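Here is a short report on one helix and its surroundings. Keep the structure open while you read.

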Amino acid sequence: MASQEAVPTWEQVASDYGRVIYNFAYRLTGNPDDSSDLTQEVLLRVRKGLRTYTPGSFEGWLWRITRNAFLDEIRKKQRRPTSALPDDDRSTIAAAPAPEEVLDEVRLSSEIQEALLRLPYEFREAVVMCDVVGLTYQEIADAVAVPVGTVRSRIHRGRSMLRDALGSR
Amino acid sequence: MSGHPTDLLSAFLDEELSSTEVSELTTHLADCRECQRELDSLAAVRLQIRALPVLEPPPAGIGVTREVIPLAPRWRRTLVGAMAAAAVVVVVGVGVGSNGRAAVPLQLEQAFDQHVARASVDSGFNVIQVQAVVDR
């Protein structure tokens with residue numbers, strides 16, 4: 001039950017969510033530097049927010065902070081999300097044993113990343129929260145402050161647009 | 001269920017439909033090849049997104065993944081925090097002294113938090129950086 005939820009420490013949040021926050025930011029921006037900045041900003045906000053956090057939907061609370069921090073950072077930098085940087089993906093999976101398969105994976109992940117970045121922000125955010133972060137529709141709705149039906153619609157439209165962009169029909 | 005309920009297909013894949021919706025959609029899919037193809041294509045793209053590699057934050061940033069787990073002992077954090085606060089005071093002092101008026105709207109708490117947060121993931125960062133400021 002929500003009332004029995006234990007409030008995590010900041011250290012727990014940082015260790016449990018640091019990587020996924022970074023990946024959330026990277027899939028939205030395609031920019032590793034911006035993603036590091038965002039991760040740092042989110043964890044600072046979490047550190048402050050935990051002082052007054054009351055047990056409830058922790059995922060919704062955390063991702064609401066993350067989303068707000070992301071939008072603030074974007075406004076601060078006054079620039080749109082940049083293009084994908086496939087080099088980062090390449091470094092991540094370069095240790096795989098078969099070079100040809102690795103190259104295919106890099107090409108595919110680059111294509112998906114680029115297609116993600118071309119989605120309107122609302123759709124991209126919903127798809128990333130669902131398929132990269134692994135949030136439920138209700139958690140996404142809590143984080144974004146929209147009805148669950150809107151989340152459902154955004155995810156469906158986002159995936160349909162990605163499907164069309166990737167030519168997988 | 002009238003027409004093609006394509007707007008339900010993604011939620012169906014995510015198991016986010018009610019039992020009634022699942023029942024109706026399953027019945028429809030059994031007789032509609034068009035919706036079945038649509039479902040298959042959405043399932044494919046969903047799988048592709050979920051198969052994207054999980055990226056490691058760069059170690060230089062405050063990416064805070066594995067590095068944050070071994071926190072510094074409390075005495076060290078306290079010392080680092082105190083030094084960070086001292087550095088902020090020094091910086092403010094320099095700002096005031098350089099032009100004769102307190103024109104720098106420095107947010108002490110934010111600066112302090114940043115130093116403590118960074119210290120918890122980057123061993124030695126604060127001591128070295130803060131000491132450099134203090135020594136200056």
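A residue counts as buried if 20 or more other C-beta atoms lie within 10 Å of its own, and as exposed if 12 or fewer do. By that count, 23% of the 136 residues in chain B are buried. The model is a predicted one.

Chain B holds 6 helices and 0 strands. Its elements run α-α-α-α-α-α from the N terminus on. Take the contacts in chain B between residues at least 6 apart in sequence: 62% of them join residues at least 24 apart.

Now look at helix 3 of chain B, residues 33-50. This helix has 18 residues. From first C-alpha to last it reaches 26 Å, close to the 26 Å expected at 1.5 Å a residue.

Which residues of helix 3 of chain B are buried, and which exposed residues does the face turned away carry? The table sorts them.

| Group in helix 3 of chain B | Residues |
|---|---|
| Buried | B:E38, B:L42, B:V45, B:R46, B:Q48, B:I49 |
| Exposed, on the face turned away from the buried side | B:R33, B:R37, B:D40, B:L47, B:R50 |

An α-helix has 3.6 residues a turn, so residues three or four places apart point the same way.

Helix 3 of chain B also packs against helix 8 (residues 148-166) of chain A. The angle is about 85°, and the axes are 9 Å apart. The two helices are therefore roughly perpendicular to each other. From helix 8 of chain A come A:R159, A:L162, A:R163 and A:L166; they meet B:S41, B:L42, B:V45 and B:R46 in helix 3 of chain B. The residues of this contact divide into 4 nonpolar, 1 polar and 3 charged.

Technical notes
Residues are numbered from 1 along each chain as its sequence is written. Chains are lettered from A and ligands numbered from 1 in the order in which they are written. This is a predicted model: local features need pLDDT of at least 70, side-chain atom pairs count only at pLDDT 80 or more; totals for chains, interfaces and linings use all residues. Helices (H or I, at least four residues) and strands (E, at least two) are DSSP runs, numbered from the N terminus. The expected span of a helix is 1.5 Å times one less than its number of residues. Axes are lines fitted to C-alpha atoms, for helices over the stretch in contact, and angles run from 0 to 180 degrees between N-to-C directions. Angles under 35 degrees count as roughly parallel, over 145 as roughly antiparallel, 65 to 115 as roughly perpendicular and the rest as oblique. Two residues are in contact if their C-beta atoms, placed from the backbone, lie within 7 Å. Ala, Val, Leu, Ile, Met, Phe, Trp, Tyr, Cys and Pro count as nonpolar, Asp, Glu, Lys and Arg as charged, and the others, Gly among them, as polar.
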